[in-house]
Amino acid sequence: MASTCSETPSLSLSSSSSSIPGSNYDVFLSFRGEDTRHSFTDHLYEAFRLRGIEAFRDSEKLQLGQEIASELIQAIENSYYAIVVFSEKYADSKWCLDELAKIVECKKNKRLEVVPVFYHVDPSDVRKQTGPFEKAFDEHQKNDKIDREKIQKWKDAMREVGNLSGEHLLPHQRPCLNRNRGYQPQQNIKRPQVDLNTQ
């Protein structure tokens with residue numbers, strides 16, 4: 001996750017163990033599938049895998065339901081870090097916003113460490129829900145099936161995570177790839193007393 005070509009982490013995890021409820025993970029990845037699943041997040045997940053970092057990313061099958069799956073709630077609760085990849089259509093998804101709200105809840109109650117990545121979006125748009133995020137929330141407001149309180153909870157969560165220190169990846173920037181080692185995440189991902197950063 002870097003704003004330059006030097007060391008950019010990717011954000012998508014899909015290991016064979018990522019669907020086992022109750023497991024402990026080093027990292028939970030929250031992202032909009034259609035924006036980054038088969039690009040940036042795939043590369044990030046692979047980088048973590050190569051470094052022995054246990055990461056969770058949801059499968060496309062999990063998102064068939066309307067409500068956030070219990071597997072995802074458990075994965076968030078049992079992770080040490082959460083990486084939130086804010087992309088242009090992130091807030092279009094009620095699923096992503098529910099994930100984000102749960103991540104903020106665990107940040108407060110379980111000391112979950114949260115790192116935002118602003119993928120081709122302006123961090124200020126995330127914090128203020130302007131630009132593409134304003135449009136997304138306008139659509140949610142029009143939906144009578146969504147509780148106003150829930151929408152406010154989503155906005156508060158976006159504001160809180162958007163204000164955290166993170167990484168900003170611009171459209172013209174390309175992550176650097178070492179053919180032998182894959183993408184190199186810059187963020188130090190640590191279990192308690194175990195440093196998994198092999199720099």
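Q: Which strands does helix α2 lie across, and what angle does it make with β3?
A: Helix α2 (residues 40-50) lies across β1, β2, β3, β4 (113-119) and β5, at about 155 degrees to β3. Axes here are lines fitted to C-alpha atoms, for helices over the stretch in contact, and angles run from 0 to 180 degrees between N-to-C directions; contact means heavy atoms within 4.5 Å. Helices (H or I, at least four residues) and strands (E, at least two) are DSSP runs, numbered from the N terminus. Please keep in mind that this is a predicted model, where local features need pLDDT of at least 70, side-chain atom pairs count only at pLDDT 80 or more, and totals for chains, interfaces and linings use all residues. Residues are numbered from 1 along each chain as its sequence is written, and side-chain values use heavy atoms, leaving out hydrogens and water.

Q: What makes β1 and β2 a pair?
A: Strands pair if DSSP finds at least two bridges between them. Two bridges join the parallel strands β1 and β2, so they qualify. In β2, Ala55 is the bridge partner of Val27.

Q: Where do β2 and β5 stand in the sheet?
A: The open sheet of five strands runs β2-β1-β3-β4-β5, with parallel pairing. β2 and β5 (167-169) are at the edges, each with a single partner strand, so one side of each lacks a neighbour in the sheet.
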